Amino acid sequence: MPEHFIGGHPALDLSNAVYDRRAPPPDNELFKSARDVGTWLLAAGLADERGAGAVAEIRDRHFLNGVREIRELSYKVFDAIASDVEIPSQPLGLLFSRAARGLEAQPVGWNAARLDLTSNQWRHPTLVTAFLAHLSIEAFFTLPRIRLHACPRCGWLFIDTSRGGKRRWCNMRICGNREKISRHRGHMGT
């Protein structure tokens, strides 16, 4: 859904690939299958239809756990930055390790600062998780840290690109409106 791509960078959108970070529902997982990962890569503009289709066909039983691991490691790193606390070294180190593991397998192309996988390479689970880990490492070094925030309502991460730097919500139509409604009901009850 377009509402899931509010981070301002694909690594943040990957970190946000759950329904809610602050109050997770019982089924908080958006990546339930390789097809979900392929669909997400296509929607994020990271893979074309052939690449996304190749990811959707991955049958490696460890693949989904690898993607989820990269997502959670990324979230720990970027949430620490948004919270202005010390960046935990273990998640960052593991992201570097996962990126390197995939690159050992075979040569890959580069498109500017990003890995450029061929349609055939999207079939390799280790390369896909390496791609996602590398994406997070790229963001770690390039995103403006002072503009990285976490939504106080859902915990999703985003880069504040507003002119005044005062954006509070991941999405005003969703979390912003929910907060306004909640405050309104609180005022009505008093």
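**Exercise 1.** Is glutamate 72 buried, partly exposed or exposed, going by its relative accessible area?

*Solution.* Keep in mind that this is a predicted model. Start with the value: the relative accessible area of glutamate 72 is 27%. Now bring in the cut-offs: buried means under 20%, exposed over 50%, and partly exposed lies in between. So glutamate 72 comes out as partly exposed.

**Exercise 2.** Work out which salt bridges arginine 71 makes with glutamate 72 and glutamate 29, and where the partners sit.

*Solution.* Take glutamate 72: its side chain meets that of arginine 71 in a salt bridge, at 2.8 Å from N to O. Next comes glutamate 29, whose salt bridge with arginine 71 has an N to O distance of 2.7 Å. That pair ties together distant parts of the chain, 42 residues apart: arginine 71 is in helix α4 (residues 63-82), while glutamate 29 is in the loop between α1 (10-15) and α2 (34-43). As for burial, arginine 71 has 3% relative accessibility, so it counts as buried, and glutamate 29 is buried too. Finally, zoom out: Arg21, Glu29, Arg68, Arg71 and Glu72 are linked in a network of salt bridges.

Conventions. Residues numbered from 1 in each chain as written. Predicted model: local features only at pLDDT ≥ 70, side-chain atom pairs only at ≥ 80, totals over all residues. Heavy atoms only, no water. Salt bridge = Lys/Arg side-chain N within 4 Å of Asp/Glu carboxyl O. Helix = DSSP H or I, 4+ residues; strand = E, 2+ residues; numbered from the N terminus. Buried < 20%, exposed > 50% of the residue type's maximum accessible area, 1.4 Å probe, protein only.
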